[in-house]
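Here is a short briefing for a first look at this structure. It covers a pocket, a sheet and a set of aromatic rings.

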Amino acid sequence: MTLCERFEAKYEPEPNSGCWLWTAATARGYGKFMLRPRHLVTAHRYSYEQHVGPIPEGLQLDHLCRVKACVNPAHLEPVTHAENL
C-alpha cells in the first residue's frame, strides 16, 4: 500500500459539510499520521502539502470549517498565528 493509499484509508468524507474527517489517531482533536516509523505528523498539514503545496514559512493552517479533525485541503488556509487565534 502506498503512502497516499494509507492516508486516504484514514479519513471519511462527510457529505453535508464537505469535511474529510480523520478516523485514526488524534491529539487534542487534530489527526496524526505516521509517515514512517517514529515520524508522526499532523494529518491536516500533510494533506495540505500533498494536495496544494508547501505551507509558506511563518504561517500555520487555519481550519475554515472549524473542525480540527478535518483534512480537506479546501477547508485549510495558511494564515499568521495572530489570524489563527
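The largest pocket has a volume of about 240 Å³. This is a predicted model, in which local features need pLDDT of at least 70 and side-chain atom pairs count only at pLDDT 80 or more, while totals for chains, interfaces and linings use all residues. Residues are numbered from 1 along each chain as its sequence is written, and side-chain values use heavy atoms, with hydrogens and water left out.

**Pocket**

- A pocket is an open set of points on a 1 Å grid over the protein atoms alone, where a 1.4 Å probe fits, with protein on both sides within 12 Å along at least five of seven lines. Its volume is the space filled by probe spheres set on the points.
- The largest pocket is lined by 13 residues, and lining residues have an atom within 4 Å of a point. Tyr30, Leu61, His63, Lys68 and Asn84 lie nearest its centre.
- Strand E4 (30-36) and strand E6 (60-63) are the elements that give two or more residues to this lining. E6 provides the largest share, three residues.
- Strands (E, at least two residues) and helices (H or I, at least four) are DSSP runs, numbered from the N terminus.
- By class, the lining has four nonpolar, four polar and five charged residues. Asp, Glu, Lys and Arg count as charged; Ala, Val, Leu, Ile, Met, Phe, Trp, Tyr, Cys and Pro count as nonpolar; the others, Gly among them, are polar.

**Sheet**

- Three strands form an open sheet in the order E3-E4-E5, with antiparallel pairing. Two strands pair if DSSP finds at least two bridges between them.
- Strand E3 (26-27) and strand E5 (39-42) stand at the edges, each with a single partner strand, so one side of each is left without a neighbour in the sheet.
- E4 and E5 run antiparallel and are joined by four bridges. Arg36 has His39 in E5 as its bridge partner.

**Aromatic rings**

- Rings of Phe, Tyr and Trp (its six-membered ring) pair if their centres lie within 6.5 Å; planes under 30 degrees apart count as stacked, over 60 as edge-to-face and the rest as tilted. The count comes to seven aromatic pairs.
- Phe7 and Phe33 form an edge-to-face pair, 5.1 Å centre to centre with 85° between the planes. Phe7 is in helix H1 (residues 3-8) and Phe33 in strand E4, 26 residues apart.
- Phe7 and Tyr46 form a tilted pair, 4.9 Å centre to centre with 50° between the planes. Tyr46 lies in helix H2 (residues 43-51) and Phe7 in helix H1, so the pair ties together parts that are 39 residues apart in sequence.
- Phe7, Tyr11, Trp20, Trp22, Phe33 and Tyr46 form one aromatic cluster.
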